[in-house]
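Please consult the sequence and structure shown below while reading.

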Amino acid sequence: MRELESFIYKISSPQKIVITTHHKPDADALGSSLGLANFLKKKGHEVTVITPSDYPSFLHWMKGNSEVINFEDKTQQSKAASIINEATMIFCLDFSCPKRMQDMQDLVEKSHAYKVNIDHHQDPKDFTDFQYLSTKAAATCELVYELIVEIGDKNLIDKDIAECLYAGIMTDTGGFRHPNTTKNVHMITAELIGIGADNSKISRLIYDTNSINRLKFIGFAITRRLVIMEDLKTAFFAISKKDLRKYNSQTGDTEGLVNYALSLGGIKIAALFTEREDGVKISFRSTEDVAVNKFAATHFDGGGHKNASGGKSSLSLDDTTEKFQKLIKENYNILFNQAELIHEKN
Ligand code: 5GP
Ligand code: MN
């Protein structure tokens, strides 16, 4: 593969590297960014991770976290902009649609740096010089691991790098429960544990560091904000700005909430509508045979994976959920019958 050769050639001499990821990074976005950053630093490059926004505090344990620049932090923006302008290489991780960089998009697109895209999302846009993409990969962290191995540097993966990569694979497979938990996933995580990743510690740091406010918020959401459309095999949460304020909600507090709706017996589509300053942010989840990514792309300016996708709406929270309920009714046959047909064929 020619592009791989030119990529290897490029990183064989010291570069000024910027690594970025999508807005509101999750464990895979941040873990792949910091895992790769720590690796590239070991190879002698100057590396800065710049995220388009902040991210949950349960990810702050990753090595290199304290040096990450949050582009939304106005006091850091001019410094971030000059680092991007001076970069000779820019890595875009865990997204393949430039829009997802939000306010950073323009700067990154205008840069003349050699650009690399490493990602596992569907329908990637071709916007970089080198693409390392696979929709079969469960996580971008899996691809970062494979790229490091492919270029012959497996021996440089240390405990810190292994722990960043392990975190992303663990969360993007839903704790090794989703259908994307392949043999390859287990082989790679076995290697990472072998290198020293403390899997039990990482699981605790990510899943078991709730604040009491967050637990109370989850209780409130399930009791008061869950709508179940049993006949349509659909359930959703609608969370207002006021609800978030009431529980002093922090970045990451709504993460995973949508899964409580999907955990209901008989429910195959779940959604979470969260009212934010700039509109309604939406998370969609579905069970194996129902695809929500096309639904998100067609109706809510979004996309993602078959069983986990997202989108947005500029309507009010009430109008957005009303639109959603109407669309589920109208598209019921497409969403469910087709899935059943595919299921029967297999
Ligand atoms: P989450 O619900 O956890 O925010 O996102 C679920 C999945 O959908 C993730 O893989 C995420 O990258 C993708 N996703 C979330 N929001 C958007 C969006 O607005 N556009 C696209 N293309 N994908 C999204
Ligand atoms: Mn991911």
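Glutamine 102 lies in the loop between strand E4 (89–93) and helix H4 (105–110); helices (H or I, at least four residues) and strands (E, at least two) are DSSP runs, numbered from the N terminus. Although glutamine 102 is not a glycine, its phi is positive, at about 50°. Lysine 233, in the loop between strand E7 (226–229) and strand E8 (234–239), also is a residue other than glycine with a positive phi, near 55°. Most residues other than glycine have a negative phi.

The model is predicted: local features need pLDDT of at least 70, side-chain atom pairs count only at pLDDT 80 or more, and totals for chains, interfaces and linings use all residues. Residues are numbered from 1 along each chain as its sequence is written, chains are lettered from A and ligands numbered from 1 in the order in which they are written, and side-chain values use heavy atoms, with hydrogens and water left out.

The table lists the accessibility of selected residues. Buried means under 20% relative accessible area, exposed over 50%, and partly exposed in between (1.4 Å probe, protein chains only).

| Residue | Relative accessibility | Class |
|---|---|---|
| Aspartate 28 | 0% | buried |
| Glutamine 102 | 33% | partly exposed |
| Histidine 120 | 2% | buried |
| Lysine 233 | 22% | partly exposed |
| Threonine 321 | 8% | buried |

Aspartate 28 belongs to helix H2 (residues 27–42), whereas histidine 120 sits in the loop between strand E5 (114–119) and strand E6 (130–133), so the pair ties together parts that are 92 residues apart in sequence.

**Packing of H2 with H5**

H2 packs with helix H5 (residues 140–150) at an angle of about 20°, the axes being 8 Å apart. Axes are lines fitted to C-alpha atoms, for helices over the stretch in contact, and angles run from 0 to 180 degrees between N-to-C directions. H2 is therefore roughly parallel to H5; angles under 35 degrees count as roughly parallel, over 145 as roughly antiparallel, 65 to 115 as roughly perpendicular and the rest as oblique. Contact means heavy atoms within 4.5 Å. On the H2 side, Asp28, Gly31, Ser32, Leu36 and Phe39 meet Thr140, Cys141, Val144 and Ile148 of H5.

**Helix H13**

Threonine 321 is placed in helix H13 (residues 317–330). Apart from neighbours within four places in sequence, threonine 321 is in contact with Phe236, Ala238 and Phe273. H13 also packs with helix H12 (residues 293–300), at an angle of about 125° and with the axes 12 Å apart. These two helices, H12 and H13, are therefore oblique to each other. Their contact is formed by Phe295, His299 and Phe300 of H12 together with Thr320, Lys323, Phe324, Leu327 and Ile328 of H13.
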